[in-house]
Amino acid sequence: MPSVNSVGKFSDLVPFVRFVGQKGFRLNHLGGGTESVRMPKAGRDVNIHNAHPRLKLDRRAITGVIHLLDEHADDFRGGCPAGELSLAFLTDPALARIHQDFLADPTTTDVITFEGNAALGSGGEVCVSADTAKTYAAQHDRNFSEELTLYVVHGWLHLAGYDDLVPAKKRLMRAAEKRAMTLLKQAKALPVFSLESRH
């Protein structure tokens with residue numbers, strides 16, 4: 001998997017929200033395709049924003065992924081902190097812009113995670129690149145939907161306290177990813193994503 005980053009605190013996201021709002025896509029209830037989904041049974045609110053013009057996704061299925069992971073939080077260091085979780089599905093250029101703004105690195109990446117703020121009711125924010133998932137899946141003969149779901153899982157695990165910057169911690173992260181993906185597959189809870197070709 002390409003490099004993955006975990007950055008900042010939710011308070012750092014305030015200028016980020018202003019920045020992306022000015023660039024034509026928005027997060028955290030600012031509109032423009034953002035929708036908060038609550039499943040019929042109890043569970044955290046999940047705010048899903050699809051800023052990729054060619055990505056098709058199922059908000060309920062994605063919310064179901066988060067709720068299933070939350071239900072098994074004890075298997076993952078207690079899980080993602082309480083509060084609304086925001087998920088943003090972005091293009092490579094959009095995520096690279098965020099990568100530059102927050103980490104001074106203009107390259108593309110797959111996942112950037114922002115810690116939440118319990119006082120504001122936020123569990124955190126996970127930004128993922130659908131383009132990177134598509135490219136990586138094609139290059140490594142993997143299923144696109146599984147790869148993009150893995151990026152969501154990876155972000156949730158970062159919020160749960162996993163890290164992957166040093167080899168020993170990376171092994172723990174990869175083991176947790178494997179357990180989480182197995183859990184989702186056994187529950188038949190993997191969402192289906194599609195990325196339309198450019199015309």
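Mentor: In this predicted model, start with helix 4, residues 130-139, and helix 5, residues 144-159, which pack with their axes 9 Å apart and at an angle of about 130°. Angles of 65 to 115 degrees count as roughly perpendicular and those over 145 as roughly antiparallel. Helix 4 and helix 5 are therefore oblique to each other. Their crossing is right-handed. On the side of helix 4, the contact is made by Ala 130, Thr 132, Ala 133, Lys 134, Tyr 136 and Ala 137, and on the side of helix 5 by Phe 144, Glu 147, Leu 148 and Tyr 151. Sorted by class, the contact of helix 4 with helix 5 has seven nonpolar residues, one polar and two charged.

Helix 5 also meets helix 2, which covers residues 59-71; the axes of these two come within 11 Å and cross at roughly 40°. Helix 2 and helix 5 are therefore oblique to each other as well. This crossing, too, is right-handed. Here helix 5 contributes Val 152, Val 153 and Trp 156, while helix 2 contributes Ile 66, Leu 69 and Asp 70. Five residues in the contact of helix 2 with helix 5 are nonpolar, none is polar and one is charged.

Now follow helix 2 to another partner, helix 6, which spans residues 167-186. The angle between helix 2 and helix 6 is about 115°, and their axes are 11 Å apart. Helix 2 and helix 6 form a right-handed crossing. Val 65, Leu 68 and Leu 69 of helix 2 make the contact with Ala 180, Leu 183 and Leu 184 of helix 6. By class, that gives six nonpolar residues in the contact of helix 2 with helix 6, with no polar and no charged ones.

Go back to helix 5 and look at Leu 159, which is found in it. Is Leu 159 buried or exposed? A residue counts as buried under 20% relative accessible area. Leu 159 is buried, with a value of 10%. Leaving aside neighbours within four places in sequence, Leu 159 is in contact with several residues, among them Gly 79, Cys 80, Pro 81, Leu 85, Thr 113, Phe 114 and Val 126. Glu 125 is another of its contacts. Leu 159 and Glu 125 are 34 residues apart in sequence, yet their C-alpha atoms are 8.6 Å apart in space.

Ala 88 lies in strand 5, residues 84-90. With 1% relative accessibility, Ala 88 counts as buried. Ala 88 and Ala 51 are 37 residues apart in sequence and 7.1 Å apart in space, C-alpha to C-alpha.

The protein has six helices and eight strands, and from the N terminus on they run β-α-β-β-β-α-β-α-β-β-α-α-α-β. Of its 199 residues, 50% are buried. The protein exposes about 9400 Å², and carbon and sulfur atoms supply 52% of that area. Among contacts between residues at least 6 apart in sequence, 65% join residues at least 24 apart.

Key:
Residues numbered from 1 in each chain as written. Predicted model: local features only at pLDDT ≥ 70, side-chain atom pairs only at ≥ 80, totals over all residues. Heavy atoms only, no water. Helix = DSSP H or I, 4+ residues; strand = E, 2+ residues; numbered from the N terminus. Buried < 20%, exposed > 50% of the residue type's maximum accessible area, 1.4 Å probe, protein only. Contact = heavy atoms within 4.5 Å. Areas by Shrake-Rupley, 256 points an atom, 1.4 Å probe, with all protein chains shown as cover. Axes fitted to C-alpha atoms, helices over the stretch in contact; angles between N-to-C directions. Parallel < 35°, antiparallel > 145°, perpendicular 65-115°, else oblique. Left-handed = near helix turned anticlockwise from the far one by under 90°. Nonpolar A, V, L, I, M, F, W, Y, C, P; charged D, E, K, R; others polar.
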